[in-house]
Amino acid sequence: MHYFLVIHHEVGHIQYTLQYKDLPLVFRGGANRGFHEAVGEVISLSVGTPKHLFEVGLLEENIEDEEIDINFLLKTALDTIGTLPFSLALEQWRYDVFAGKVDQDNWMKRWWELKETLVGVRPPVERTEQDFDPGAMFHITIDYPFLGYFLRTIMQFQFHKALCEAAGHTGPLHRCDIYRSKEAGNKLAQMLRMGKSKPWRDAMEAITGQREMSADAIMEYYAPLMEWLEKTNAENEEYIGWDGDSARPNSASVLLLVISAFVWYFSGP
């Protein structure tokens, strides 16, 4: 399944490139750092659904029930929601270092402060400034900004919702598959052909009708999971989040905390 999604993700990149290939060289690229990745991921959101897998003969039947929905959404959330604090912590560390906000003698300290505060993990063994854990990240060593991956995770759901509406989808957003929809394909192609010849807000508006990033679509997509997490955590009396030496949270409470945090972050002015 992993490679099935990866292949479609990469084909999304290829399609983007083909659509803007006739633009002047300087305009050949994504509208901003997140657009190319968001296009690849929006394709994966459709082809990963049980509906699509059934459509292409990879599932024997397409059963729609709550348990299947929750399992599907939880798996998807681990690949999407779970990346948000990871991406944010990595990019915040890069920014702090390049802005001179943390000196070389405290690089490791700042790295693990962000990991614990934003991601909720600690090093398994004692680490000192003689180590350099950030260097284990490929994107750190090649000086590649990770912010695009953070942005794409928000935007891919905005794109997905807009394309599902164009395709005439009815029902929960997480069950939408735009496969074989010419209307959705035309709307996507219209945006892709712009490359980076226009400001990213223009490209966003062309596909979504919005000029700002918004967490509304990602919240709608995961609404059933959010409801299940709140109910399950309440029943199990789970501690939500982490602080200091408190017990480590389980995956359900982490997801609930992350989802809630980003609702607050993107609902602000």
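Which hand does the link of C164 and C176 have about the S-S bond? The link is left-handed, at -110°. The model is predicted, so local features need pLDDT of at least 70 and side-chain atom pairs count only at pLDDT 80 or more, while totals for chains, interfaces and linings use all residues. Residues are numbered from 1 along each chain as its sequence is written, and side-chain values use heavy atoms, with hydrogens and water left out.

**Disulfide**
- The count is 1 disulfide, defined as a pair of cysteine sulfur atoms within 2.5 Å.
- C164 and C176 are joined with an S to S distance of 2.1 Å.
- C164 belongs to helix α8 (residues 147-166) and C176 to the loop between α8 and α9 (182-192), so the pair ties together parts 12 residues apart in sequence; helices are DSSP runs of H or I with at least four residues, numbered from the N terminus.
- C164 is buried at 2% relative accessibility, and C176 is buried at 1%; buried means under 20% relative accessible area (1.4 Å probe, protein chains only).

**Aromatic pairs**
- There are 12 aromatic pairs in the structure; rings of Phe, Tyr and Trp (its six-membered ring) pair if their centres lie within 6.5 Å, with planes under 30 degrees apart stacked, over 60 edge-to-face and the rest tilted.
- W93 and W111 have ring centres 5.6 Å apart and planes at 90°, so this pair is edge-to-face.
- W93 sits in helix α5 (residues 83-98) and W111 in helix α6 (residues 107-119), 18 residues apart, and their pair links distant parts of the chain.
- W93 is buried at 4% relative accessibility, and W111 is buried at 5%.
- One aromatic cluster is formed by F86, Y144, F146 and Y149.

Terms used
Helix = DSSP H or I, 4+ residues; strand = E, 2+ residues; numbered from the N terminus. Buried < 20%, exposed > 50% of the residue type's maximum accessible area, 1.4 Å probe, protein only.
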